[in-house]
Amino acid sequence: MRNTYSAVIVAGIVAALAATSGAHADVVISSAATSSMACSNGVCAPTAKNAVLNVGDLENLLASGAVEVTTSGSDVQARNIEIDTALTWSSGNVLALDAFQSILVETPVSIAGQGGLSIATNDRGTQGYFGFRGKGHVTFSNLSSVLTVNGASYTLEGDIKSLAAAIAANSAGNYALANDFDASNDGTYQNSPIPTEFSGSFEGLGNTISNLSLSGTGDPNAAIGLFAELGLNNQPGGSVEDISLRELSVTGNGLAIGGLVGLNAGTISGVFVSGSLSAEFQQGDPEIGGLVGYSIGNIARSGTEVTITSSQSAALGGLASYSGRGAISQSFANCKISGGSASFIGGLVGDNESPVSASYATGSVQGGAGSDIGGLVGNNVEESTITQSYSKTILKDAGHKDRDAGGLIGVDNSPAGSNKSDYWDTSTSRVKSPKKGAGTPQNDRGITGLTNQQLQSGLPDGFDPKVWAEDPKINGGFPYLINNPPRK
């Protein structure tokens with residue numbers, strides 16, 4: 001199954017963003033007393049690999065001047081900066097956070113005045129990122145405030161229409177969402193709110209756009225999402241990071257439909273989408289994904305909780321309908337998908353032509369006669385590999401003889417042995433036969449069926465404990481991603 005976007009598949013997109021290992025040597029901004037941290041002349045640096053900077057002490061310093069918090073001290077190198085207590089300041093001063101590896105925001109950070117924020121990750125380290133967990137986000141009360149991320153200056157925007165206008169004026173610029181935004185008063189957008197092909201950088205700062213409503217009643221060949229297309233002229237480029245779309249509603253006509261992006265040729269990371277996508281089409285082979293419709297770029301540390309419905313032949317995926325040439329890593333989908341006949345339907349990806357690593361899917365998938373249905377991937381083509389991933393997706397009516405249905409993959413066309421350390425839940429999926437990790441071929445190497453109890457009793461063989469963890473209170477006790485835990 002291919003549509004008009006098939007001709008634009010681009011070679012040479014860089015590998016997906018890798019995640020950092022678990023926190024071991026960090027500077028933590030906390031309500032605890034300052035310890036192993038020395039502050040002098042506006043610079044706070046650790047005196048031991050594990051250090052604490054009291055949030056009140058930091059706020060007092062910001063009241064009188066600019067402050068830099070770094071992980072590099074005299075003969076000491078911590079790795080990450082974590083903010084685990086709400087931080088706010090109203091002075092006009094700038095807080096600079098400079099980390100050897102990652103900066104993780106786990107609680108609200110609020111710049112209430114004209115002040116600014118400067119972020120630097122991977123200062124002599126690698127595989128680090130600027131990320132958000134739990135209730136963490138950054139808000140600015142003044143759109144003229146300064147924000148820099150790894151040397152790039154960002155323009156702050158407070159709503160969708162202002163962001164769309166800024167991108168229309170400069171599609172290669174750097175933009176950030178300054179606060180949460182409720183799109184209820186915007187009404188229903190016809191096709192994409194941001195129709196301009198975007199090749200710049202968008203940083204959501206952990207903020208949420210809620211109640212966004214899209215209706216693809218215009219061009220039936222349109223790419224539809226908050227962003228229509230990421231990448232200029234379908235060439236690699238552009239990024240969207242650290243944004244949540246909640247209570248999303250997408251209905252109507254279009255060809256490549258995603259909650260975030262219709263056509264992705266760039267990089268998406270740290271994004272979460274919840275809501276529903278329902279579309280019918282008059283022509284072509286439509287592609288509907290909870291995050292992305294058609295992806296020839298990279299997706300990392302992202303997730304969805306979506307309902308997707310279409311009564312006709314389509315490619316449907318909880319994260320992406322089609323993924324090729326880029327990569328998907330450390331991502332998940334909790335989906336309820338229902339498609340028509342002759343469809344490619346997967347809990348994570350419907351039609352896959354890319355490496356998938358350290359990812360999982362839950363929920364349910366269902367399709368009509370002649371469909372390829374998999375708990376994780378519907379159709380897996382020759383160039384693709386799936387590693388260190390699992391599915392606990394319910395395959396409804398999986399016993400029908402006229403469909404290829406597998407616990408992990410519907411139809412696997414990849415070379416034998418290219419999938420490694422992959423699993424499906426035999427208790428949940430309704431696929432109990434050990435031969436049916438893939439519907440076709442049977443006994444597909446590298447895929448193993450495990451019961452609920454087995455999946456909850458320790459990480460499966462081959463799962464990296466620096467990437468995966470288990471906790472009875474998280475994800476129902478099933479494996480979850482340390483750097484991308486389930487969203488609430």
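## Terms and model

Contact means that heavy atoms lie within 4.5 Å. Buried means under 20% relative accessible area, and exposed means over 50%. The model discussed here is predicted.

## The chain as a whole

The protein chain contains 4 helices and 52 strands. Its radius of gyration is 22 Å, close to the 23 Å that the globule rule gives for 488 residues, so the chain is as compact as a globular protein of that length. Along the principal axes, the C-alpha trace spans about 70 × 50 × 35 Å.

Of the 488 residues, 59% are buried. The accessible surface comes to about 17,100 Å², and carbon and sulfur atoms account for 48% of that surface. Among contacts between residues at least 6 apart in sequence, 74% join residues at least 24 apart.

Helix α2 covers residues 160-169, and its buried residues are Ile 160, Leu 163, Ala 164, Ala 166 and Ile 167. These residues lie on the same side of α2 because they cover an arc of only 165 degrees around the axis. An α-helix has 3.6 residues a turn, so residues three or four places apart point the same way. On the other side of α2, the exposed residues are Lys 161, Ala 168 and Ala 169.

## Cover and cap of α2

The cover over the buried residues of α2 includes the strands β18 (155-157), β19 (174-177), β20 (181-182), β21 (188-190), β22 (201-210) and β25 (227-230). At the N-terminal end, α2 is capped by Asp 159, which has a side-chain oxygen 3.2 Å from the backbone nitrogen of Lys 161.

How values were computed:
Residues numbered from 1 in each chain as written. Predicted model: local features only at pLDDT ≥ 70, side-chain atom pairs only at ≥ 80, totals over all residues. Heavy atoms only, no water. Buried < 20%, exposed > 50% of the residue type's maximum accessible area, 1.4 Å probe, protein only. Helix = DSSP H or I, 4+ residues; strand = E, 2+ residues; numbered from the N terminus. Arc of directions from axis to C-beta. Polar contact = N/O pair within 3.5 Å; in protein donor to acceptor, adjacent residues only side chain to side chain. Rg over C-alpha atoms; globule rule 2.2 N^0.38 Å. Areas by Shrake-Rupley, 256 points an atom, 1.4 Å probe, with all protein chains shown as cover.
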